[in-house]
Amino acid sequence: MQVTVAAALAIVFGQLVSPNRWYWAVITAFVVFISANSRGELLVRAWQRTAGTMLGVVAGVLVAARLTGDPPAELALILCCVFLAFYSAGVSYSAMTFFITAMLGVLYGILGTFNTSVLELRLAETAIGAAAGVLAAVFVLPTRTRSLVRDNTEGFLLALRDFVRSAGTDLSAGRTSGVL
C-alpha cells in the first residue's frame, strides 16, 4: 500500500518537474522501500539515496566534462563505476548511488547528450521520489521503529530462553547435544 501511494505521488510530482524523466522519481520511491522495515529505516534510505545522488551529480559533471571525447578513459571509468557500485552495495547505499550517478554522467558524455541540467534534473527527481516515499511511510499504515525493535527483541529472547532450557535439560540428563 505504501509503495503504491509513494509511486503515485512520485508520478504526479515528477511529471510536474519533467514530463520526460519522471520515472527517476518513481524508481527512487520504489527503491527506498526495499529492505526498509520501518519509518526510521526508510528515512535513512531516502536520505542516503538523495545524498549519494547529489555527490554523484557533482562527480558526474566534473568527470564527464574532463573525459568527454576520450573513449578508452570513458569505458574504463564506466567499468570502474559499475564494479564499485556493486562492491559497495552491501556496505553503503550512498556509495552505490554515488557511483551509479557518476556513471550516468560519463554515459551521457559518450552518447553526446551530456548536459549539466540532465544530472540536476536527476537530483530533483530523486529528491521528489525520496520525499514521496517518506510521506507514504509516515502517513500510510506506518510501522514504528520502536515496535519493530521490541517485537524482534522479544522473539530473540524467547528463542534464547528455549535454547537455554533445552541445553539445561540435556545437561541434567547427561546428554550432550553437540552444539558446543
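**Cores and helix packing in the predicted model**

Leaving aside neighbours within four places in sequence, Ala 46 is in contact with Val 32, Ala 130 and Val 134. The model is predicted. Ala 46 belongs to the largest nonpolar core, which has 17 residues. Together with Ala 6, Ala 10, Val 32, Phe 33 and Leu 42, Ala 46 touches the most other members. Helices H1 (2–17), H2, H3 and H6 each give two or more residues to this core. H6 supplies the largest share, six residues.

Two packed helices are described by the angle and the distance between their axes. The axes of H1 and H6 come within 8 Å and cross at roughly 145°. The crossing is right-handed. On the H1 side, the residues that meet H6 include Ala 6, Leu 9, Ala 10 and Phe 13. On the H6 side, they include Leu 121, Ala 124, Ile 128 and Ala 132. The residues of this contact divide into 13 nonpolar, four polar and one charged.

Helix H5 spans residues 93–111 and has 19 residues. From first C-alpha to last, H5 reaches 27 Å, close to the 27 Å expected at 1.5 Å a residue. Buried residues of H5 include Tyr 93, Met 96, Phe 99, Leu 104, Val 106 and Tyr 108. The buried residues of H5 pack against H2 (23–31), H3 (39–67), H4 (71–88) and H6 (116–139). Just after H5, Gly 112 takes a positive phi of about 75°.

Key:
Residues are numbered from 1 along each chain as its sequence is written. This is a predicted model: local features need pLDDT of at least 70, side-chain atom pairs count only at pLDDT 80 or more; totals for chains, interfaces and linings use all residues. Side-chain values use heavy atoms; hydrogens and water are left out. Helices (H or I, at least four residues) and strands (E, at least two) are DSSP runs, numbered from the N terminus. The expected span of a helix is 1.5 Å times one less than its number of residues. Buried means under 20% relative accessible area, exposed over 50%, partly exposed in between (1.4 Å probe, protein chains only). Contact means heavy atoms within 4.5 Å. A nonpolar core is a set of buried Ala, Val, Leu, Ile, Met, Phe, Trp, Tyr and Cys residues joined through side-chain atoms within 4.5 Å. Axes are lines fitted to C-alpha atoms, for helices over the stretch in contact, and angles run from 0 to 180 degrees between N-to-C directions. A crossing is left-handed if the near helix is turned anticlockwise from the far one by less than a right angle, and right-handed if clockwise. Ala, Val, Leu, Ile, Met, Phe, Trp, Tyr, Cys and Pro count as nonpolar, Asp, Glu, Lys and Arg as charged, and the others, Gly among them, as polar.
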